[in-house]
Amino acid sequence: MSTYVVHGGNLLTGEVRIGGAKNSVLPIMAASLLNLSQTKLLDCPNITDVDISIEILKHLGCSVHREGYTAEIDSSEINNFEIPLELMNKMRSSFIFLGAMLAIGGKAVCGYPGGCELGARPIDLHLKAFKKLGVRIKEKGGYISCDSSHFKACKVALDFPSVGATENIMLLACKQKGTTIIINAAREPEIKDLQNFLNSMGAHISGAGSSRIRIEGVPSLKSVKKRIMPDRIVAATMMFAVATTGGNITLKNVDCSHLESIIFLLKDCGAEIYTHCDSLDIKCVGRLKSPDTLQTMPYPGFPTDAQSQALASFTTMEGTSIVKETIFENRFNQTSELKKMGADITIGDRMAVIRGVPRLHGAHVYSPDLRGGAALVIAALGAEGKTIVDNIHYIDRGYDNLENMISSLGGDIIRE
Ligand code: UD1
C-alpha cells in the first residue's frame, strides 16, 4: 500500500495543467457502448476509476486501447449485458452502465454499486425514473435485472437533481423511440459534456445545463472523437492547496465559469484571483480570513466534491467557519484525522464548526475517501513538519498523480 510523505511549509508557485474530469469521463465511457462502433477519448485521466470502467467495458466485450491520455474503445463486439457484483462493488458510477446496456441490449443485469463510503448513496431515483419509462425491474440477491423492451418515452420528474440518475436516463432514452423529458435534471457541467458527446455521435439531446433536458430518440449512433472537459474539482483542490500554503499559481486548461462558487468563496477569504479564457491565476499572501459559512448545494452551488478540501483549508484561516453538508451525510470523515494534526473542529448534524489555528503539525493520517484524502494532503502541505498520508488508493481514484502536480509547484510530497 502506498502512502504520501509530505513535508509542509513550502509556498506553491508556478503553472500546472488540469486534465480531463473524472465525473465526465466515467459516464462518457459508459456512453461509448451506444454507438456499437469506435470512440476515441482525449484527455482521459490516468485514475483508477477509469481503470475500473475499462475493466467493465472489456467484461462486456469491448476492446479498449489506452496510450498516454488517449483511450480508444470499440464496442462493436459487445456480447454481454451483465456486470457481476465484484465489478459493480468497485465503483458507484458503475451503475451508469445500466442505462447504456439497456439502450443497446434491451435487457441487463447488474449488482448494486459500490464506491466511497459517503453514506447510504441509494439508487432509488434511477430505478423510479426507469420504471416510469416502462422498464421492468426485478431485484434479487444483490442483483437488479431490467427489461426495457416496453420502454415508453414520457416526462420524468426527479425528486432530487441526481447527477447519476440524470445521466442514466439520458443514456437509456437516447436510442429509444419518442421524446423523453427530464424535469428537475441535475445541472452539473459534466452533464453538458455528456450531452455534447452523445450529440456528436448523432443523438438529439438539448437542455443539459438547465433543469429540463429533452431527449429525442434516434435509431443509431456513429463513431466519435471527444476531448474530456477539464476537471473542475482537481482545479478547486489546487486552489485550496495554495490558499493553505500561500503562493501564486496558474491553472491552465480550466473553464472558469465552472469554478464560480469556489472563486467567489476564496476571493471573500482574501485570495487574489484573475480569470482568463482557459486559465486562472490565484495568489494568496499570508493567512487568509475564514468565511463565516459554507453550504454545499447541487451545481451551480458549492460542490460537495470540494467541501473536504475547503474545510481543510479553513482549519488554518483566521476566524471561525461553519460548514454545512447537504448532499452526502458522511463527508466529514477526514475531520478526525485533521484533529490529529491540531485542527479545532466540532462536528454536529451534517455540519462542522472550524476554529482556525495558526498552523497544523505533521501526523500519520488515513484517507477516509477520495476527497477526504485530498483534503489531508492540503492540510499536510501547510502543516509544520512531516505528515504521512495513508490509504492513498482512494486519492488515486480521482487524481492523476497528485504528487507530480504538487511537486511541480514546489510542494514537498513523495509517494512511498
Ligand atoms: C455524482 C458525482 C460525485 C458527486 C455527486 C454530487 C460522478 C461519477 N460522481 O455522484 O462525485 O459527489 O454527483 O455532486 O459524477 N440520491 C438518492 N437516490 C438516488 C440517487 C442519489 O437519494 O437514486 C442522493 C444521494 O444519496 C446524494 C444525492 O442524491 O445524497 C446526490 O447524489 P447524485 O447526484 O446521484 O450523486 P452521484 O451521481 O452518485
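Biologist: Into which domains is the protein divided?

Modeller: This is a predicted model, in which local features need pLDDT of at least 70 and side-chain atom pairs count only at pLDDT 80 or more, whereas totals for chains, interfaces and linings use all residues. Residues are numbered from 1 along each chain as its sequence is written, and side-chain values use heavy atoms, with hydrogens and water left out. Domain bounds come from an automatic or database domain assignment. The protein is divided into domain 1 (4–18 + 230–415) and domain 2 (22–227).

Biologist: What area is buried between domain 1 and domain 2?

Modeller: Contact (heavy atoms within 4.5 Å) links 25 residues of domain 1 with 25 residues of domain 2. Buried area is the accessible area (1.4 Å probe) that two parts lose on being put together, summed over both. Carbon and sulfur atoms give 50% of the area between the domains, and the total is about 2000 Å².

Biologist: Which three residues supply 34% of the area that domain 1 buries against domain 2?

Modeller: No other three residues of domain 1 supply more of that area. They are Tyr 299, Arg 397 and Asp 400.

Biologist: How far from an oxygen atom of the ligand is the polar side-chain atom of Asp 305?

Modeller: A polar contact is a pair of N or O atoms within 3.5 Å. Asp 124 places a polar side-chain atom 2.7 Å from a ligand nitrogen atom. For Asp 305, the distance from its polar side-chain atom to an oxygen atom of the ligand is 2.6 Å.

Notes: Polar contact = N/O pair within 3.5 Å; in protein donor to acceptor, adjacent residues only side chain to side chain.
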